[in-house]
Amino acid sequence: MSPRLKLNLGLRYEFTTLLHDKFGKSIFLPDPVRDSNVQIGPLLEGNPSLRNFSPLLGISWSPGSSGNTVLSAGFGVYYDQLLEYVVDQLKSTVPFYSVVVRNNFDSSTTFPDAVAAAAGTPFQAQGLDYRNTTTPMVLRYNFAVQQQLPGGWRLRTSYVGARGNHLFRNYEANLFPVPITEADGSLFFPPNEGPVNPAFGGIRITSSDAQSLYNSLQLSVNRRLSQGISFQAGYTYSKSVDDASSSGPETDASQYGLLRTQDRSLSDFDIRHRLVINYFYTPPLGAGRGRWGSGVFSHILGGWTLGGITSLRTGVPFTPLVQVRTPGFLFSARRPNLLPERKTNPVLGEPDQYFDPFAYSLPPPGTLGNAGRNTLIAPTVFNMDVSLQREFSLDAKRRLQFRAEFFNLLNHTNFARISGGSNNIFVGASGRRNPTAGRLHSTATTARQIQFALRFSF
C-alpha cells in the first residue's frame, strides 16, 4: 500500500470428500434415543465441508520514518477436516464387532467364558452425530507492537487469541437412565432403571459441538549476536478454556456428556505463566579476543562458548475423581463434591499429599459431583539446560569440535500432574477414601543428564 504500510488479503476454500470404508463397513445412527438398529451407509447425512471458506487478513504498519516501530495485526479462519484420526475411533461397533459393556456385573459364574458373560446384553454402538456434525474451525487473531531499541535490542509485545468452534468430542449417550430434574435444578439419575435406549449397551457419540477459547499476552526481548553475546527471553501469560481438550476417547473427568457445558474448564494443557530464556556467550579470551591473546592461557581458556536454556512455568491442571459404583445405580458420578467454603484448588504442596482430599465429599448415589473438571493445578516446573563447546582448527580444511551438555543441570525435581489413581479420592463399592489420594508419583522432566560429543569435520 505504501513504503510503511503492508496489507495481506487471502481466501482459501477447503473442501474435502467424505471418508468411507472400502469394504462398506460404515454405519450411522440417526436417532440414538429411538433407533433399535444401526444403519449401514455413509457416516454423515451430508458433507460438512462444502462451505469451508477461510478468509485471511494481515496488516503491518511502521508509523515513523526510522522503521524502529512496527505495528501488526492479523485474523484468519482455519478448518480441521474430518480425517482418519476421528473415523478410526468408530470401527469397533455393531454389526461388525460385538462389544459389550456391563456395569455392576458379577462374573464369578461365567469367567472365563466371555461369550456366556455377554449373553442377553445389548451390544455397544459408536458413531458420528449423523445430522449435526460441522467441520471444526478456529478463529485466530493477534495484535503486536515491535520496537527496535539501542544496543541491538528488540522488544515485541503481542496479544494472541484463538476461538475454536464445532470441535470434536466424545461422550457416552446411553449408559444411564433418563435423569429427573429436581426442584433446585439439579439432576437425579434414579436406581433400578435401564439405559436411555434399551436396544443398545453403550452408545458413544463423536460430536462437533465443543468450544475453546485462548487468550495470551506475549512479551519477548532479544539481542543480536554482538560482542560475543546473544540473548533472548520470552514470557507468556495465558489462559485456555474448553469443553474437551482432545477428540480422543471420552475422558475420565466427564460425568454426563449430554450436558456439555458442565465440563467447561481450563484446558488440559493450560499454562498460566511461562518464562523461557536462552543465551550464548563467548568470553573475550584467547587469540584475537582481548585478554590472554597468547601463551598457555590462550589455548586453555580461549575459544569457549557457553550456551543455555532456562525455563520456568506453572503447572498444568488436573481433575479430582471418584471411582465408586453403587449397586442398583447405572449412573455413577466421576467427580466429587467440593465442600462449602473450601478452595477449588486445595493444594497443600507436600509430595505425599499434594492436595487436600478432605476438601471433598462423596456425591449421593445418582447425583453429579459439583467439583469442576481441571480445578487442581500441578506443581511448577523449573529446568536449566547448559552447554559448553569449543572448536579447534586443525588446518585449513579440518576442524574438531568438543561439546558438553548438561540437561537439568541443578537436578531439580519437577513433579507431573497427578494421575493413575492418585487423583481418585473415593474408591470401591463402599466409597472409602483412597489412602494414596493426592500423592505425587511421577516427574515431568528427567533427572540430571550429562553428555559429551566430539565432532570431526573435514
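Biologist: In which loop does N374 lie?

Modeller: This is a predicted model. In it, N374 is found in the loop between strand 21 (360-361) and strand 22 (376-377).

Biologist: What is the phi of N374?

Modeller: The phi of N374 is near 55 degrees, which is a positive value in a residue other than glycine.

Biologist: Is N374 buried or exposed?

Modeller: Buried means under 20% relative accessible area. N374 counts as buried because its relative accessibility is 4%.

Biologist: Which loop holds E341, and what is its phi?

Modeller: E341 sits in the loop between strand 18 (337-338) and strand 19 (347-350). Its phi is positive, at about 65 degrees, although E341 is not a glycine.

Biologist: Is E341 buried or exposed?

Modeller: The term exposed requires over 50% relative accessible area. E341 has a value of 82%, and is therefore exposed.

Biologist: Which residues are in contact with N414, leaving aside its neighbours within four places in sequence?

Modeller: With those neighbours left aside, the contacts of N414 are T380, V381, F382, T443, A444 and T445. For T445 there is also a polar contact, made between its side chain and that of N414 at 2.9 Å.

Biologist: How does one find where empty space is left?

Modeller: One rolls a probe the size of a water molecule over the atoms, and this shows where empty space is left. In this structure, the second largest pocket holds about 400 Å³ of space.

Biologist: How many residues line the second largest pocket, and which lie nearest its centre?

Modeller: The lining has 23 residues, and V138, L167, S212, S245 and F269 are those nearest the centre. By class, 13 are nonpolar, 6 polar and 4 charged.

Biologist: Which strand gives the most to the lining of the second largest pocket?

Modeller: Strand 8 does, with 5 residues. The strands that each supply at least two residues of this lining are strand 5 (69-79), strand 7 (137-149), strand 8 (153-172), strand 11 (203-226) and strand 12 (229-242).

Terms used. Residues are numbered from 1 along each chain as its sequence is written. This is a predicted model: local features need pLDDT of at least 70, side-chain atom pairs count only at pLDDT 80 or more; totals for chains, interfaces and linings use all residues. Side-chain values use heavy atoms; hydrogens and water are left out. A polar contact is a pair of N or O atoms within 3.5 Å; within protein, one must be able to donate a hydrogen and the other to accept it, and residues adjacent in sequence count only if both atoms are side-chain atoms. Contact means heavy atoms within 4.5 Å. On a 1 Å grid over the protein atoms alone, a cavity is a set of points where a 1.4 Å probe fits but cannot get out, and a pocket is an open set with protein on both sides within 12 Å along at least five of seven lines; lining residues have an atom within 4 Å of a point. Grid points are joined across faces, edges and corners, and a volume is the space filled by probe spheres set on the points. Helices (H or I, at least four residues) and strands (E, at least two) are DSSP runs, numbered from the N terminus. Ala, Val, Leu, Ile, Met, Phe, Trp, Tyr, Cys and Pro count as nonpolar, Asp, Glu, Lys and Arg as charged, and the others, Gly among them, as polar. Buried means under 20% relative accessible area, exposed over 50%, partly exposed in between (1.4 Å probe, protein chains only).
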